[in-house]
Amino acid sequence: MLSSFATETVQRQGLALHTRRAGQGPALLLLHGHPQTHAMWHRVAEDLAQRFTVVMMDLRGYGDSGRPEPDASHLNHSRREMALDAVAVMQHHGFERFQVLAHDRGARVAHRLAADHEARVERLMLLDIAPTLAMYEQTSEAFARAYWHWFFLIQPPPLPEALIDSDPVRYLHNVMGKRHAGLAAFAPSALAEYERCIRRPGSAQSICEDYRASASVDLAHDRSDVQAMRRLAQPLRVLWGDKGAVGANFDVLGLWRERALSVSGRALPCGHYIAEEAPALLLQEAFEFFRSE
């Protein structure tokens, strides 16, 4: 997969960040979700690189990036730190300003990136999320059943970590395979990458810390933005799967219009994993939305 992409490791404060780069033109950063890696973009990245300089990275705690140590406040796994990772990666590759396409956890990082570093992010497209704060505050029984892992992973250590570590691939298959399209949505080579990386030592701990951060320090940062009436200034495009839980449980456009000044979007005929379930539609959306000149 992704054979045209060069691989490079970027160091930030002693943490290794795994990156891939190819193409030419305006810079476009791709951020993946849980429990995946940058390999989730394999069905769209080569085409995007025909018009953009595409930079992909594995978020801290995922893929081949480093696993930071946990801390009491969960700051080491917060969206704010992950956003700073993204800034460091793009600066390393020579870009002070860039556009962002992001899915799931990566889309939450992109939200914080655009909020904290407004001058760096030109525009962003977020896949299958509503704002984190709204999703926690408006959790229903239906959402809790569909996104059970949100509430399992935030339980105190070491129980969630121990259960995942007992069979990491079983956990990954359960989370990914129980959604709309099942495991058949994933190319065998991509699924093998997700399996390889979740077996890496420290993965379970970082996954749990990622979600603990989202349910604590990240919410504090989001509430601060809401209280100060800060809204994203960049053009924002949001897409979600009409067979997924996000659109079924939340007013996606309405909630994002509370957090950003310029919002558009729609549902696509797929489930949660848009880049792998509906790559042609995603490419069409990306080519129409992102600035390529």
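Modeller: Start with Asp 210 and Arg 79, whose side chains meet in a salt bridge (2.6 Å, N to O). This pair links distant parts of the chain: Asp 210 sits in helix α10 (residues 203-214) and Arg 79 in helix α2, 131 residues apart. A salt bridge here is a side-chain nitrogen of Lys or Arg within 4 Å of a carboxyl oxygen of Asp or Glu. Helices (H or I, at least four residues) and strands (E, at least two) are DSSP runs, numbered from the N terminus.

A word on the source. This is a predicted model, in which local features need pLDDT of at least 70 and side-chain atom pairs count only at pLDDT 80 or more, while totals for chains, interfaces and linings use all residues. Residues are numbered from 1 along each chain as its sequence is written, and side-chain values use heavy atoms, with hydrogens and water left out.

Back to the pair. Asp 210 is buried, at a relative accessible area of 0%. Arg 79 is buried too, at 4% relative accessibility. Buried means under 20% relative accessible area, exposed over 50%, and partly exposed in between (1.4 Å probe, protein chains only).

Helix α2 takes part in another link. The side chains of Arg 12 and Glu 81 form a salt bridge (3.0 Å, N to O). Arg 12 belongs to strand β1 (residues 6-12) and Glu 81 to helix α2 (residues 79-92), so this pair ties together parts that are 69 residues apart in sequence. Arg 12 is buried, with a relative accessible area of 10%.

Next come Arg 112 and Asp 222, joined by a salt bridge (2.8 Å, N to O). Arg 112 lies in helix α3 (residues 104-116) and Asp 222 in helix α11 (residues 217-227), so the pair ties together parts 110 residues apart in sequence. Both ends are buried: Arg 112 has a relative accessible area of 4%, and Asp 222 has 7%. The pair belongs to a network. Salt bridges with shared partners join Arg 80, Arg 112, Asp 116, Asp 222, Asp 225 and Arg 230. The structure holds 24 salt bridges.

Now return to helix α10. Along with α8 and α14 (274-277), α10 is among the elements that cover the buried residues of α9. Those buried residues are Ala 190, Leu 191, Tyr 194, Glu 195, Cys 197 and Ile 198.

How do α8 and α9 pack? Helix α8 (residues 168-177) and helix α9 (residues 188-198) pack at an angle of about 135°, with their axes 9 Å apart. That makes α8 oblique to α9. Axes are lines fitted to C-alpha atoms, for helices over the stretch in contact, and angles run from 0 to 180 degrees between N-to-C directions. Angles under 35 degrees count as roughly parallel, over 145 as roughly antiparallel, 65 to 115 as roughly perpendicular and the rest as oblique.

Which residues meet there? From α8 come Pro 168, Val 169, Tyr 171, Leu 172, His 173 and Met 176; from α9 come Leu 191, Tyr 194, Glu 195 and Ile 198. They divide into eight nonpolar, one polar and one charged. Contact means heavy atoms within 4.5 Å. Ala, Val, Leu, Ile, Met, Phe, Trp, Tyr, Cys and Pro count as nonpolar, Asp, Glu, Lys and Arg as charged, and the others, Gly among them, as polar.
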